[in-house]
Amino acid sequence: VSAPGSLPAMFAQLALEASGVSSDQISLVNAGGSANRVRAVSLGVVAAAASSSEYAVNADSLNIKPLLSGAKVTPKFVKVCLMTTGAKIRERHDDMVKFLAAEMDGLNYALTHRDAAVALAHKVAHLDADDKSAAFIYDEAIENKAVSPELVIPVDNLQWTYDQMVRLGALKEKADVHDFIDGSLRKEALALAGK
């Protein structure tokens, strides 16, 4: 994993539990970011590691074997979200609404223009022309419905993730996620998106 309490560490614990492996059967070590963790597995330094899934497309050349999919074993685990503070909302309300509307437009475009999205990923990440990781991630996101162009707030999944973070010790107190969700900006952005 990376640092204790990090997303990869929590995912690893949840994935092991979902697979019936007790945490007392393993030793966790800090092996850095995804690329370093994959490299550590490839070189035999560690037995297994959590990583982002784009490495699965090159599993054979990396000498690794994907064991499970996060989307399958931890489907409620929220991996990405947009957040800010109440003070920033008050200070830059209109800018945030416009940002969210632009994000919605961009996501909608990307979800309906696969080739353009994959080409842009190649350009931004400086990927070789024959690299299949961008297309793999795009298709995986579509298959798992991982992207919401309307930026729907997955309240149930946020609560589940929060509860797991408390259970695993990353957070100290239980809370109701409704207490820190503000959906008003999203509603305003929905009215602005596409214009």
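**Helix packing and domain contact**

Colleague: Which residues in H5 meet Leu 185, Arg 186, Glu 188, Ala 189, Leu 190 and Leu 192 in H9?

Modeller: This is a predicted model, in which local features need pLDDT of at least 70 and side-chain atom pairs count only at pLDDT 80 or more, while totals for chains, interfaces and linings use all residues. Residues are numbered from 1 along each chain as its sequence is written, and side-chain values use heavy atoms, leaving out hydrogens and water. With helices taken as DSSP runs of H or I of at least four residues, numbered from the N terminus, and contact meaning heavy atoms within 4.5 Å, the H5 residues are Ile 89, His 93, Met 96, Val 97, Lys 98, Leu 100, Ala 101 and Met 104.

Colleague: What is the angle between H5 and H9, and why is H5 called oblique to H9?

Modeller: The axes, lines fitted to C-alpha atoms over the stretch in contact, lie 8 Å apart, and angles run from 0 to 180 degrees between N-to-C directions. Oblique covers what is left after under 35 degrees (roughly parallel), over 145 (roughly antiparallel) and 65 to 115 (roughly perpendicular). H5 is therefore oblique to H9, because the two pack at an angle of about 50°.

Colleague: What area is buried between domain 1 and domain 2?

Modeller: An automatic or database assignment gives the bounds of domain 1 (7-73) and domain 2 (86-192), whose C-alpha centres are 24 Å apart. Buried area is the accessible area (1.4 Å probe) that two parts lose on being put together, summed over both. Carbon and sulfur atoms give 67% of the total, which is about 960 Å².
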